[in-house]
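Thanks for coming. Please have a look at the structure first.

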Amino acid sequence: QTNIYYNVSRNSLHTIRMSEDKNYESALKSIGTLIHSQTRPEGKTWEDDFNKLHSSVEQLGLTEELKKLSIIHIAGTKGKGSTCAFAESILRSGGCSTGLFTSPHLVDIRERFRLNGAPISEELFLQHFWVVWDKLQAVKASEGGTLPAYFRFLTLLGLYIFTQEKVDVLVLEVGLGGRLDATNVVPSPRVCGVTSLGLDHTEVLGNTLRAIAGEKAGIFKPNVPAFSSPQDDEAMQALVERAQALEIPLSVAPPLESYSLDPSMAPSAQSEKLVTLGLSGEHQRLNAALAAALCRTWLLKEPRGKLPPGILPARALLEKDSSCLPAIFLKGLQDARWPGRAQILTDPEVGPSLGVPESSPLTYYLDGAHTKDSMESCAKWFTGEVGKEEKGDEEELWRVLLFNCMEKRDPHTLLQPFVRICQERDFKFTKTLFVPPDSGVHLKPSMGEKDVRWQQTLKTTWDSLVQTGSKKRGRCDLPSASVEVSEGAVVGPSSGGKDLRGSEVMPSVTATIEFLRQQAKEHPKRKTQVLVTGSLYLVGDVLRTVRRGLPL
């Protein structure tokens, strides 16, 4: 018995017969075998792995295809995904067929491959996945060696998908670094961008801003203009040096406020210079500004004959006045959505109306911040959003922090600026929960009991920071719940979530959501505001649990 999948590409009908052992579950299991230890075999380097990608590109028949693919390539520490989302939304608003490659995924691996703003369908994913998988397996069988590791394979798969689907433009997000990132196998993008830089992944990229910026600038190519968000002097100098070595222009993206608006817009909008963003948070204006600069340059560089009719008026306007922001840019910025980043979500099992925060007693504020600077931005965003609510006592308002971060990160570095912003704004969480994720780099959530000693470390760090800050400000904050942890133990929460104040370790995301829902149902007149942050994996687990199969 066979399953038949149909996909209509632009000019052809593809019919592929797939045996039952080549279904979606089998594809995920196959990809799962590519998740290797982060420790490389002795004598092997990151550069060795990167150089092998060129052979894989040739084996997949992509060498010439990638030269034809029109690409916007974006690196950075903070805001890469949001900048990509803005750029894709702008160009899609102008009628371009778009591809968007990002990482990581939150719930389903197909989120990494978006066509015209939506994750690729299972049918189309399978059609392309098995072609790529079988070709690389055949090479392995005949020539020996190994398959590309997880992210490198997914990058190759993405490039294959987008070339086969013949998108007008691919917005390509770097995974890690830039110079040796798998996405840097593309030979000549139309334009490159670098978002805000900071100290992250220092064990791989270097422990100074200069070193990290040098790695990010590795995506710069000859004859390809580059743009950057504003940077610290140390980082900017490294970007400038790389651009000068390649003899390419490097510009800082102008702020949104510096543009004049499309004269076709209403006079009231022009007078107010109103640029509304679909993503919340003041920091998103930097990301939107970079996206606008990248799209403006792409639109002016792309051959006119390759552009869809809907975007030609914007091209004509920019040719006349490059300092003008066309109407489709404004629409794209306003319509942009990016799950898990400054996202507000009501609980469908508690509130009467999905997606309308004011209608539900239980609202999640999700932000995958996982660096020092992004945690500070997250604190400003969340306190600003919920600060619009009138202050009430515990019977009227219950504010909960749900936090986790990867063990390779320093929790003090992440939490200190977050606590500082909250205390500067006189904001307190009634309850703080530290929760192990259900998933990580793996494709499916893990089951069973979890070792929560790391979460206890996070709780201890939080309690210390909160109490130290409170003493400096001359007040005493709420007492904390405690968890006894013995060496090698697997433990659960001290009270199963029964304490409504203080900090606590919870055994799982599922148990945490059940606790929050139960509390919201028992107190329907009390608003519960839950901030989920510290890890995109945690955000993804919460989305998966809360939405239960509903689309992002």
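**Strand E3 and its surroundings**

Strand E3 (residues 71–75) is joined to strand E7 (residues 169–173) by four bridges, and the two run parallel. Helices (H or I, at least four residues) and strands (E, at least two) are DSSP runs, numbered from the N terminus. Two strands pair if DSSP finds at least two bridges between them. Before going on, note that this is a predicted model, in which local features need pLDDT of at least 70 and side-chain atom pairs count only at pLDDT 80 or more, while totals for chains, interfaces and linings use all residues. Residues are numbered from 1 along each chain as its sequence is written, and side-chain values use heavy atoms, with hydrogens and water left out.

Back to E3. Opposite Ile-74 stands Glu-173 in E7. E3 also pairs with strand E8 (residues 191–194), again in the parallel sense and over four bridges. There, Ala-75 is opposite Val-194 in E8.

Are the residues of E3 buried or exposed? Five of its five residues are buried, meaning under 20% relative accessible area, where over 50% is exposed and in between is partly exposed (1.4 Å probe, protein chains only). Ile-71, His-73 and Ala-75 point one way from E3, and Ile-72 and Ile-74 point the other way. In a regular strand, side chains alternate between the two faces of the sheet.

Now the whole sheet. It is open, has eight strands with mixed pairing, and its order is E6-E5-E4-E7-E3-E8-E9-E10. The edge strands, E6 (118–119) and E10 (250–252), each pair on one side only. E6 is joined to strand E5 (residues 113–115) by two bridges, and this pair runs antiparallel. In that pair, Leu-115 has Ala-118 of E6 as its bridge partner.

Next, the helix. H4 lies across E3, strand E4 (98–101) and E7, at about 175° to E7. Axes are lines fitted to C-alpha atoms, for helices over the stretch in contact, and angles run from 0 to 180 degrees between N-to-C directions.

What else does H4 pack against? H4 (residues 80–93) packs with helix H11 (residues 284–301) at an angle of about 45°, with the axes 8 Å apart. That makes H4 oblique to H11; angles under 35 degrees count as roughly parallel, over 145 as roughly antiparallel, 65 to 115 as roughly perpendicular and the rest as oblique.

Terms used. Contact means heavy atoms within 4.5 Å.
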